[in-house]
2 protein chains.
Amino acid sequence: MRRLRLSQRAISTPSSPIRKLAFFAQQAEQRGVNILRLNIGQPDIPTPPEFFNSMKKFNNAVLEYGSSEGDVEIRREWSKYIKRVNNLDIPPEHFQITVGASEALIFAFMTCCDPGDEVIVFDPTYANYIGFAAISGVNLVPVRCELDSNFKLPEVAEIEKHISNRTRAILLCSPNNPTGTVYSDNDLKLLLEICEENNIFLVVDETYREIVFDDRPFYSIFNVAPSNERVIVVDSLSKRFSLCGARLGCLITSNNDVRKAILNIAQARLAPPTVEQFAAAEMLSILGAEQIEKTKKTYQVRRQALFESYREISGVSLLPSMGAFYSMVELPIEDATDFCRFMLTDFVYNGKTIFFAPGDGFFIESGRGKNMVRVAYVLEPELLIESANLLDLGLKSYRKNYI
Amino acid sequence: MRRLRLSQRAISTPSSPIRKLAFFAQQAEQRGVNILRLNIGQPDIPTPPEFFNSMKKFNNAVLEYGSSEGDVEIRREWSKYIKRVNNLDIPPEHFQITVGASEALIFAFMTCCDPGDEVIVFDPTYANYIGFAAISGVNLVPVRCELDSNFKLPEVAEIEKHISNRTRAILLCSPNNPTGTVYSDNDLKLLLEICEENNIFLVVDETYREIVFDDRPFYSIFNVAPSNERVIVVDSLSKRFSLCGARLGCLITSNNDVRKAILNIAQARLAPPTVEQFAAAEMLSILGAEQIEKTKKTYQVRRQALFESYREISGVSLLPSMGAFYSMVELPIEDATDFCRFMLTDFVYNGKTIFFAPGDGFFIESGRGKNMVRVAYVLEPELLIESANLLDLGLKSYRKNYI
């Protein structure tokens with residue numbers, strides 16, 4: 001048979017750096033190795049029982065399609081939740097419920113950009129943005145951020161240098177995946193000014209909104225600009241409620257044209273899952289600031305355990321992350337993908353090893369991040385401290401045998 | 001503020017003909033009107049209790065992400081189900097679980113086509129294909145099918161006329177939405193030959209696979225070509241198990257390159273919903289041919305009720321549909337969208353009205369289908385007979401007042 005041609009966009013969609021070594025992890029587990037999984041932002045904190053309790057109450061005879069824009073109840077309760085916890089007034093009509101934040105980002109790319117258009121992102125960036133851009137034909141234009149400054153935003157002039165006549169949006173993730181950086185209200189104002197100046201969209205991924213440490217206040221872009229038509233917020237229940245598997249996110253904007261265009265796309269894919277929306281709506285009506293405060297404190301303790309144990313390892317560099325539950329960590333090696341694979345295929349200590357996500361998959365600029373890993377601190381502090389020991393031993397073994 | 005520009009693809013994504021009049025239906029319901037909803041393929045047959053029972057057994061503490069390719073259990077049970085019910089040997093590894101058949105179709109478009117590439121479809125076509133094509137930049141090339149012949153496939157030469165050097169696939173929905181046409185094994189063979197000849201993919205949407213009437217055997221494309229690398233099958237649990245709201249579909253192909261490329265896209269969007277996969281896997285392990293047989297018979301009785309009551313209405317044309325649960329119906333009017341809106345805004349009889357999907361939204365060729373509606377016979381026979389009466393009265397009232 002003549003070889004069937006696949007599309008260029010399919011061929012150019014990279015495999016996820018978070019998941020591409022999963023096969024080696026499976027094999028290690030089959031050998032009986034206990035893997036500390038720090039590769040993926042999969043919290044180990046229990047999902048609120050309110051979610052499961054509500055799910056069990058679903059008793060319609062037919063599991064029907066929901067509304068394409070998301071069901072009335074979840075849009076209303078999410079809006080009230082944001083009022084209660086973030087003191088922001090966002091009407092339910094401004095919400096488009098999506099299958100995870102992933103779908104919200106795909107919708108944003110599809111709606112703001114045609115193939116060949118550009119979106120400014122800060123590099124390193126959430127790896128899956130690269131996949132969303134590939135399938136929607138969008139060129140991500142990276143603006144460099146550096147570990148030395150804890151990945152703070154560069155000067156306005158530096159950002160503006162990257163804007164062309166194909167630029168349609170700036171995309172910011174705050175608190176940031178993969179760096180843990182939290183941007184200030186001033187950062188947000190400056191970015192919005194650049195967007196105003198250039199008549200482009202500002203898309204802010206606030207998936208980790210409330211997870212900010214050290215009593216730092218968190219500013220949503222909606223605090224800065226409550227009803228600016230160029231602002232699109234992406235949100236998700238996955239992380240703050242340990243609800244990754246529910247696949248519930250949303251896109252919020254006061255821009256009617258954007259919501260209307262997105263609704264047409266949303267209608268084509270029909271609706272988000274029904275039972276999850278039902279259960280999440282009730283959960284959101286019950287939970288409030290106390291629950292989030294607890295989650296935040298849990299991650300802050302872990303952040304500290306990670307930072308303090310990893311900084312002691314010879315040749316390892318990191319700064320304390322400010323929010324979310326990620327840290328980019330520099331290692332004294334040249335090829336972190338090779339090292340991460342080594343830890344899964346060749347290393348074991350007391351029956352255990354560690355699984356990190358190789359750093360270069362989070363950089364758009366080629367050649368960067370090769371000596372870095374992204375660590376998701378989604379495990380108990382004592383396991384993080386244990387992972388530091390495994391990393392130390394692993395680095396020694398790897399450098400002795402492979403360098 | 002200067003007006004922000006939306007993408008061309010967003011602007012060109014049509015609203016769904018199935019859902020675009022939903023607002024008028026809501027308003028009618030608020031006035032207390034009882035609407036017979038024949039616009040949407042939302043079965044009223046109860047979801048198998050096995051699904052809900054299994055869902056209630058989910059008791060992980062954390063609702064974690066599933067695998068990007070779909071969880072092991074659902075892939076295994078879906079494969080076994082197809083063996084049991086369709087006597088086809090499809091290994092679990094050939095399944096990519098998706099968020100509804102919708103996502104499977106988007107993945108297929110993204111993987112087979114770059115923007116500007118073409119896919120041959122038979123016109124009328126499932127309206128949402130038009131949306132998927134718009135967002136993925138694919139040009140759907142319509143090949144005419146006619147109501148007079150119950151929308152049978154045209155001659156091979158006629159189909160081949162539409163193939164260009166940008167054609168990447170033929171997409172067939174069988175049993176067909178919106179026409180109810182079921183294609184024979186010979187039809188499938190001929191299409192596959194055309195695809196072989198032109199080295200393109202054959203994508204078959206078998207969402208309604210088992211719902212075929214009059215003891216007609218149903219041939220899956222896998223019966224014709226069990227392991228042909230150019231064949232991609234799209235499947236779904238939504239219709240045959242009344243599980244629309246679970247959002248579980250799949251894409252099946254023996255083509256490793258296709259599955260590998262799709263997995264990269266699938267990783268970017270992370271995973272399908274976890275609890276649904278868990279519940280559906282158990283349900284699939286229990287249900288078999290008897291359950292499907294019952295569902296099929298239920299729809300066959302409805303098909304008959306629809307056909308016999310609608311054919312009696314003056315000026316109305318339809319043929320008995322062969323499968324799925326749709327019929328394209330020709331009405332003695334010029335603008336079915338206007339008539340469908342009229343039925344929601346101005347018509348009521350004994351407190352009731354009907355909601356149809358306007359036909360032109362299912363045609364790619366401009367100007368066709370304007371005097372048609374798509375009827376989804378997802379209600380009890382007596383309600384379908386009642387809908388015929390409402391249609392008769394509605395047509396009389398509309399024609400008296402508006403023509």
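Mentor: B:Asn87 is located in chain B, in the loop between helix H4 (72-86) and strand S2 (95-99); helices (H or I, at least four residues) and strands (E, at least two) are DSSP runs, numbered from the N terminus. This is a predicted model, in which local features need pLDDT of at least 70 and side-chain atom pairs count only at pLDDT 80 or more, while totals for chains, interfaces and linings use all residues. Residues are numbered from 1 along each chain as its sequence is written, chains are lettered from A and ligands numbered from 1 in the order in which they are written, and side-chain values use heavy atoms, with hydrogens and water left out.

Trainee: Why is B:Asn87 called exposed?

Mentor: Exposed means over 50% relative accessible area, buried under 20%, and partly exposed in between (1.4 Å probe, protein chains only). B:Asn87 has 56%, so it is exposed. Its phi is positive, about 55 degrees, although it is not a glycine.

Trainee: What makes B:Asn150 buried?

Mentor: Its relative accessible area is 14%, which is under 20%, so B:Asn150 counts as buried. B:Asn150 lies in the loop between strand S4 (139-144) and helix H7 (156-160) of chain B.
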